[in-house]
Amino acid sequence: MLYYDRLSRKPTLFKSFTGLSVKQFDDVYKEIEIKYPKHEINRLSRDDRKDGRKRAVGAGRRFKHVPKDRVILVLLYYRLYITYNLAGFLFDLDQSNVCRDIEKIEGLIRSCLPIPQKLCKVTRRLKTIEEVEEYFPGFMAMTDCSEQPIPRPKNGLSRRLYYSGKRKKHTVKNLYTVNQKGLIVYKTRHNQMGKKHDYRIYKKNHPELPPYVLSLYDLGFLGVEKEFPEQLSSLPIKKEKGCELIKEEKEYNKIHSSKRIVVEHTIARLKKYRIVNDIFRNRLRKYDKIADIVSGLVNYRIMSSC
């Protein structure tokens, strides 16, 4: 069975299965271990029964595994996106208990990671140039959208709203803004439908960056310079129909792409967690929480390597 004690003896497999090294996991778990007692008290004290009955704190079924092994279960499930049946076989659990164990500790894991919402609150309060440079090295930020396929919705309206003409399938989208190190400083809070254009999502859900920061976009965000004149923006030069770019324009686009590639690398890191890359089999109401946790894991790895 895959327990922490057994898996931690094989660091290569540990990182492959969880996305974190043994040391990184131990550092994250220290904070989880501190917050766990209060988290359990709050969870067990919550009155969520439909008939209004209340139960004493500590009542109900006990978890079979200790919190550390349950965190391993969540990370392995996110990284490999295996079925509950296979996860139950690996952790000696029933399929329903796998779902329960994951759901009950996801909120605690999310609160212990540097998710984009936490960083966004910090970046909004930056005032001095030194503070801005700390979070935005080189005074640059890159923005792009990422799509993930979902099963074909049963409802006809949902099928139209979630259908992406670009991907030729039903998808949900997320918009990410990263700094030059690849740290995700902003992410859309609600899952966006695949029918929406990247720039349409940006107009309704865009980060509030400091005035010194230059934002880099691709050609999917044409119009941002006119509609957001107060923001420093940079886009590649678009080739006009029937014309060719001159040498200087091609060179400019090449330099622009070399700087903006950071956001593509960050999205690639996110998609190493197959739960945000493969067809999303879970309920869409859970998508935001799952995307937050994966973004927090990527941010933590970047912050710990600096």
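The model is predicted, so local features are given only at a pLDDT of at least 70 and side-chain atom pairs only at pLDDT 80 or more, while totals for chains, interfaces and linings use all residues. Residues are numbered from 1 along each chain as its sequence is written, and side-chain values rest on heavy atoms, with hydrogens and water left out.

The secondary structure comes to 13 helices and seven strands; helices (H or I, at least four residues) and strands (E, at least two) are DSSP runs, numbered from the N terminus. The C-alpha trace spans about 70 × 50 × 40 Å along its principal axes. Of the 306 residues, 47% count as buried, where buried means under 20% relative accessible area, exposed means over 50%, and partly exposed lies in between (1.4 Å probe, protein chains only). The accessible surface amounts to about 17,100 Å², and 52% of it belongs to carbon and sulfur atoms; these areas come from the Shrake-Rupley method with a 1.4 Å probe, and for residues only the protein chains shown count as cover. Among contacts with a separation of 6 or more, 63% are accounted for by residues 24 or more positions apart, a contact being heavy atoms within 4.5 Å.

Charge comes next. The chain carries 65 positive and 36 negative side chains, and the centres of the two sets lie 6 Å apart. In this count Lys and Arg are positive and Asp and Glu negative, with His and the chain ends not counted; the place of a charge is NZ of Lys, CZ of Arg, CG of Asp or CD of Glu. Two surface patches deserve a look. Patches are made of residues with over 30% relative accessible area and no salt bridge, like charges being joined within 9 Å and nonpolar side chains (Val, Leu, Ile, Met, Phe, Trp, Tyr) within 5 Å. The positive patch gathers Arg160, Lys195, Arg200, Lys203 and Lys204. Helix H10 (residues 198-204) gives the most to this patch, with three residues. Lys203, found in helix H10, is partly exposed at a relative accessible area of 36%. The negative patch brings together Glu130, Glu131, Glu133 and Glu134. Glu134 sits in helix H8 (residues 129-135) and is exposed, with a relative accessible area of 58%.

Side chains of opposite charge can pair when their charged atoms come close. With a salt bridge taken as a side-chain nitrogen of Lys or Arg within 4 Å of a carboxyl oxygen of Asp or Glu, the count comes to 14 salt bridges. Asp292 and Arg110 form a salt bridge at 2.9 Å, N to O. This pair links distant parts of the chain, with Asp292 in helix H13 (residues 287-305) and Arg110 in helix H6 (residues 95-111), 182 residues apart. Asp292 counts as buried at 4% relative accessibility, whereas Arg110 is partly exposed at 26%. Lys173 and Asp198 also form a salt bridge, their closest N and O atoms being 2.8 Å apart. Here too distant parts of the chain are linked, Lys173 lying in strand S3 and Asp198 in helix H10, 25 residues apart. Lys173 is buried, at 5%, and Asp198 is buried as well, at 13%. The side chains of Arg274 and Asp278 meet in a salt bridge at 2.9 Å, N to O, and Arg274 is partly exposed at 41% relative accessibility. Elsewhere, salt bridges that share partners join Lys23, Asp27 and Lys30 into one network.

Individual residues complete the picture. Thr266, in helix H12 (residues 247-270), is buried at a relative accessible area of 1%. Leaving aside neighbours within four places in sequence, Thr266 contacts Val178, Gly182 and Ile184. Ser233 lies in strand S7 (residues 232-234) and is buried at 14%; with the neighbours within four places again set aside, Ser233 is in contact with Leu214, Ser215, Tyr217, Val224 and Glu225.

Two loop residues other than glycine have a positive phi. Tyr81 has a phi of about 50 degrees and belongs to the loop between helix H4 (67-80) and helix H5 (84-91), where Tyr81 counts as buried at 4% relative accessibility. Lys168 has a phi near 60 degrees, is found in the loop between strand S2 (163-164) and strand S3 (169-179), and is exposed, with a relative accessible area of 61%.
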